[in-house]
Amino acid sequence: MQNRAVVIGAGMAGLSAARVLERFFEKITILDRDELPEGPTARAGVPQARHVHALLTRGAKELEAMFPGFLAEYEAKGAHELDVAHEGAILRYSGWQQPMRSGCTAYLATRDLTESIVRRRLREGGRVEILPRTDATGLYVRPDAPGRVAGVLAVQRGGGTNLTLPADLVVDASGRSSKAPSWLASLGAEVPREEVVDCYSGYSSRWYEAPEQLPPDFWWKMVWLDPSPAENHFISGVLFPVEGRRWIITLAGYAKHYPPSDEEDFVRALGELRSPVLARMAELGRPISPIYSSRANQNRLRRFDELAQPLPGFVAVCDSVCAFNPVYGQGMTVATLSARALESTLSRVSLGDPGFERVFFGHQLRAIEDAWNLATRADMRFPGAKSDLPRPSRFASFFDDSIQHTMIYDAAVLRRVMPVYYMMKPARSLFEPELVARILLGGAASMAASRLHPRPLAKNPPPRPER
C-alpha cells in the first residue's frame, strides 16, 4: 500500500476518486478552496449546483457500490427516483413522448444533498482528510527527482500559511477551473491539446416551493421541453422535483439565445416555450430564490490520452479532462466512471510503472467517450456551433434524428436506447442490425408523415396510460 495521495477538489469527482484511493493508500488528503459545510448547503465553488442535476442509473449504481446504503439514505432525505420516460411530461423536438416504462431510472435531488452524503461518509471512514479553504497553487517536484510529481503546493485562504503536501500520487479533480495545463507548462512537461464543442448555451434557474396538491390532470412528476431549432425555438425548459417539496425550474438557451436572468423576462420566457405546461407549473409554485444564471457550458476534452510522456505521479479526472454541457445530466455519473477507471488502473499497473499514467488516461477516455460523443453530437446540431471535431455525417445525423422520432412512440426502441443514454450499455449496442432497421424505418416513416401531413403541436402532454 502506498503512503499518501492528494486530491485537488472536493466535488463529486474528487470525492469519488478519494473513495477508490482508500484501497491503495494509507492516507488521502482532499483540498478545496471552499468552506465545506456539514450538511446540504450551497457553496460558492459549485455555482452549477443551483441548477438541475440528475444522477443517472449507472452513477447511482456506482455510488451505491462505493458507499453501501447511499441510495437508501438519499431517498430517505428526499431524493426522487423516477422512470423519467414514464413519469415525466417530455416534449422532444419531434413531438411529445408517449409515457412508457423504460426500465431506467434517474435520481433527482439537489447537488448539495448528493455531495453532502458522500462527503460525510468519506469523513467517517477516518482515512480521508479534507482541507477546506485551501487553494492548490502548483505541483511540487523534489529537486533531487525533477521528473516526477511529489506533491502539491497550496496556500490556506484568509492569510493562511503556505503548504507543501507530499504525495505518491496527485489527482486533479478541480473541474473546469483546473490549472493543470499551466502547471505542466511551468515544469516543462507536455501539455495536452484541447478539443472544444460550443453551441453557446446558457442556463437560468429559479427554485420554487411546490404546492401540496396539483390539479388532477397534472399526472407528471417532472417536465422536460426540448428546443426545436427547425421551428426557431432555441430555449428549452425543465422542472425537476428535489428534496424538501421544492422544484427547480431551469431554462436553457442555445446558439446565443441566452435565457434571461431577471424576473419579468424569466416569466415571459416561460410563456414562450413550445408548451405552456412549464409556465402553468411555475404559477402553481411559490418562488423562493432569485434567478441564477450560468454560461460556462461548453464541451471540452483535454487529450491527456495522447501525451507521449505524461508527467509521472500526476493524473487528472472527470471535468479536469472532459467537461460536458451540463444540460445532458452526465456529470455526476461520469465522475464515478473516472473514479472506477482510476481504481482499475491501480489494480492492474504499479504506480511506479513508467506507463501507469498513460494506461489510466486511455482507460478513462474509453469509460467516458460515449458520453462525450452523445453530448457533442447533440450540441453540433445548433446553428453557429463552434467545433474542433468533424461534423457528423449525413447518415449519422439521420440516424440520430430517427432515434428521436422513433423512441417517442416505440416502447421497444425506447427500452434499448435509454440504457445507452443512462450509461448502462455502450453506444455500439444501438447498432445491432435488427435495432438499426427498426430505428431507420420508424424514423423515416415518422419524418415523412410529419412532412406530408403536418399537424400543429399539442400544447399539453398526452394522458398517462392506466398502467
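I take contact to mean heavy atoms within 4.5 Å. The model is a predicted one.

**Helix H13.** I looked up what packs on helix H13, residues 433-452. Its cover, over the buried residues, includes helix H11 (394-407) and helix H12 (411-421). Those buried residues are Leu 435, Val 436, Ile 439, Leu 440, Gly 442, Gly 443 and Met 447. I also checked the span: the 20 residues of H13 reach 28 Å from first C-alpha to last, close to the 28 Å expected at 1.5 Å a residue.

**Nonpolar cores.** I find 117 residues in the largest nonpolar core, where Leu 21, Tyr 74 and Leu 342 touch the most other members. Leaving out residues up to four places away in sequence, I list Leu 55, Ala 79, Tyr 107, Ala 109, Leu 113, Thr 114 and Ile 117 as touched by Tyr 74. A second, separate core has 24 residues, among them Leu 239 and Met 281.

**Salt bridges.** My search of the whole structure gives 34 salt bridges. I picked out Lys 221 with Glu 87, whose closest N and O atoms are 3.0 Å apart. Lys 221 sits in the loop between strands E14 and E15 and Glu 87 in helix H4, so the pair ties together parts 134 residues apart in sequence. Glu 87 has 13% relative accessibility and so counts as buried, while Lys 221, at 43%, counts as partly exposed.

I next noted Asp 217 and Arg 280, which meet in a salt bridge at 4.0 Å, N to O. This pair links the loop between E14 and E15 with helix H8, 63 residues apart.

Key
Residues are numbered from 1 along each chain as its sequence is written. This is a predicted model: local features need pLDDT of at least 70, side-chain atom pairs count only at pLDDT 80 or more; totals for chains, interfaces and linings use all residues. Side-chain values use heavy atoms; hydrogens and water are left out. A nonpolar core is a set of buried Ala, Val, Leu, Ile, Met, Phe, Trp, Tyr and Cys residues joined through side-chain atoms within 4.5 Å. Buried means under 20% relative accessible area, exposed over 50%, partly exposed in between (1.4 Å probe, protein chains only). Helices (H or I, at least four residues) and strands (E, at least two) are DSSP runs, numbered from the N terminus. The expected span of a helix is 1.5 Å times one less than its number of residues. A salt bridge is a side-chain nitrogen of Lys or Arg within 4 Å of a carboxyl oxygen of Asp or Glu.
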